[in-house]
Amino acid sequence: MVSMIPQTLEEALELLHNDEYCIVAGGTDLLVQKRSWSSTPPAFEQSTLFIKHLSELRYIKKVGEWILIGALATLEDLLQSEHTPAIYKDALYEMASVNIRNEATIAGNIENASPAGDSLPVLYCLDAVIVLKSLHQTREVLITDYITGLRKTARKSDELITEIKIPVESFTHKRWTKVGGRKADAISKLSFVGLANILDNVVLDFRVAFGAVSPTVVRNKKIEEQYINQPLDKLKKHQQEILDAYDQLISPVDNQRSTKVYRRQVSLNILKDFIDQL
Amino acid sequence: MAKIEFTLNNKIISIDEHPNRRLLDVLRDQLLQTGVKEGCGEGECGACAVLLNGEIVNSCMVPLGNVLHKEIITIEGYRETKQYQVLKEAYSIEGAVQCGFCTPGMMIASEALLRKNPHPSDKEIRDGISGNLCRCTGYNMIIKAIKRASEEGEGLW
């Protein structure tokens, strides 16, 4: 096993083309996952590729109808940027602590694909697109298709996430709720994102996502679409039906942070409250 | 193993160590920066905080491979500054130190905050030190100390 520190993106892609690596960006999740006894190196099972210093992948800009985020933009960069969508900032403010946000990257949070990754429900709701590069190819995947399971993504071993694209959109209603054990540094017991666009009592857009209550984030466009371009009254009238539908979709577990009963009940309570507030 | 060069407390260092190693371990074991403490080892407590290019990070979560050509300041380097003297005095007057284990990390968090925001509100101070745990003081004295330092150190930050 080797450790490589490439000087350019091109060089990183060449290395990935020729061998398999565990890609280390900020390292804030990996160093805890691979943690070993104090003073001994973390127990990586694969060669490591360090990319955090590749400044060509650290930017946040608005180009036309898209917000383009370099894979290595840190969570703190995103929290401070004028281009970051407001709903994402609400989530970032409650993520980890400034100590961790200074190093943790957006691509790391996505690639880690943890059910409790707080960027994920927001990025699902914002229809984020993941841009992947390999030596000879570039492809784009919608985040809902990119994360394929618990800590699993559609990344091929020669690919690197280089950019995250978010469509520029505005919403009349936004709701981020994280339920955790303390204000900072908490890993979510559950999280909720609700977005809606309502004009003259017509629902132009309605999006909902739940974090930490299933192996991957739960977002269901079929449920949402039934209420889009419909009167707000219809959405309100069908509140119980909507709650029942999501009740079927989420599958929380018992673990050290919370119980499945609590997670299910609170998730649905927050959704109910979000609909009440519309 | 690889030669990794970085600046530690304003001196250029070149060290032959595995890039996977935690910055925390290299700082303590090879570079004898024992003011950098290991508390939880998983990013919850901030006892291992250092400044990396002027920003606070937990050194237990930073692999050595990520510090190439960067500038690191530990509490040992920070204590040579005027800002440290002001903070030290303020911590002492307000009783912000009890067992002392969190103090090096807490001072680094105080510096990182005041550097960005020389006149923080109570809420901003609480946010600034939210990644650092203290199990003795209940935080109120630390918050007062940072407030005092921001007043006494007018113009320094």
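The questions and answers below concern a predicted model with chains A and B.

Q: What makes chain B as compact as a globular protein of its length?
A: The elements of chain B comprise 6 helices and 5 strands, and from the N terminus on they run β-β-α-β-β-β-α-α-α-α-α. The radius of gyration of chain B is 15 Å, and the globule rule, 2.2 Å times the number of residues to the power 0.38, gives 15 Å for 157 residues, so chain B is as compact as a globular protein of that length. Along the principal axes, the C-alpha atoms of chain B fill a box of roughly 45 × 30 × 25 Å. Of the 157 residues in chain B, 51% are buried, and among contacts between residues at least 6 apart in sequence, 61% join residues at least 24 apart.

Q: Why is α4(B) called mostly covered?
A: A residue counts as buried if 20 or more other C-beta atoms lie within 10 Å of its own, and 12 of the 14 residues of α4(B) are buried, so the helix is mostly covered. Among them are B:P104, B:M106, B:I108 and B:L113. The buried residues of this helix pack against the strands β3 and β4 and against the helices α2, α3 (82-94), α5 (122-128) and α6 (140-152) of chain B.

Q: What makes β3(B) and β4(B) a pair, and in which sense do they run?
A: Two strands pair if at least two bridges are found between them, and β3(B) and β4(B) have 4 bridges, in the antiparallel sense, so they pair by this criterion. Within this pairing B:V50 stands opposite B:V57 in β4(B). The two strands form a hairpin with 2 residues between them, and B:N53 in the turn has a positive phi of about 50°.

Q: Which strand is joined to β3(B) by 2 bridges, and which way do its residues point?
A: Strand β5 (residues 71-73) of chain B is joined to β3(B) by 2 bridges and runs antiparallel to it, with B:I73 in β5(B) as the bridge partner of B:L51. In β3(B), B:A49 and B:L51 point one way and B:V50 and B:L52 the other way, and all are buried.

Q: Why is one side of β1 and of β2 of chain A left without a neighbour in the sheet?
A: The open sheet of 3 strands in chain A has the order β1-β3-β2, with parallel pairing. β1 (3-4) and β2 (22-24) stand at the edges, each with a single partner strand, so one side of each is left without a neighbour in the sheet. β1(A) pairs with strand β3 (residues 48-50) of chain A over 2 bridges in the parallel sense, and in β3(A) the residue A:T48 is the bridge partner of A:S3.

Q: What makes up the side of domain 1 of chain B that touches domain 2 of chain B?
A: The domain assignment of chain B gives domain 1 (2-78) and domain 2 (82-152), and their C-alpha centres lie 21 Å apart. The contact takes 16 residues from domain 1 and 14 residues from domain 2. On the domain 1 side, β3 (49-52), β4 (55-58) and α2 (75-78) each supply at least two residues, and β3(B) gives the most, with 3 residues. By class, that side has 10 nonpolar, 3 polar and 3 charged residues.

Q: What makes up the side of domain 1 of chain A that touches domain 2 of chain A?
A: Chain A is divided into domain 1 (3-167) and domain 2 (173-277), and the C-alpha centres of these domains lie 25 Å apart. Domain 1 of chain A gives 19 residues to the contact and domain 2 of chain A gives 20 residues. On the domain 1 side, the elements that give two or more residues are α4 (86-93), α7 (119-125) and β8 (147-149) of chain A, and the largest share, 5 residues, comes from α7(A). This side has 13 nonpolar, 3 polar and 3 charged residues.

Q: What makes up the side of chain B that touches chain A?
A: The contact takes 29 residues from chain B and 26 residues from chain A. The elements of chain B that give two or more residues are α1 (23-30) and β4, and β4(B) supplies the largest share, 4 residues. By class, the chain B side has 10 nonpolar, 11 polar and 8 charged residues.

Note on methods: Residues are numbered from 1 along each chain as its sequence is written. Chains are lettered from A and ligands numbered from 1 in the order in which they are written. This is a predicted model: local features need pLDDT of at least 70, side-chain atom pairs count only at pLDDT 80 or more; totals for chains, interfaces and linings use all residues. Domain bounds come from an automatic or database domain assignment. Two residues are in contact if their C-beta atoms, placed from the backbone, lie within 7 Å. Ala, Val, Leu, Ile, Met, Phe, Trp, Tyr, Cys and Pro count as nonpolar, Asp, Glu, Lys and Arg as charged, and the others, Gly among them, as polar.
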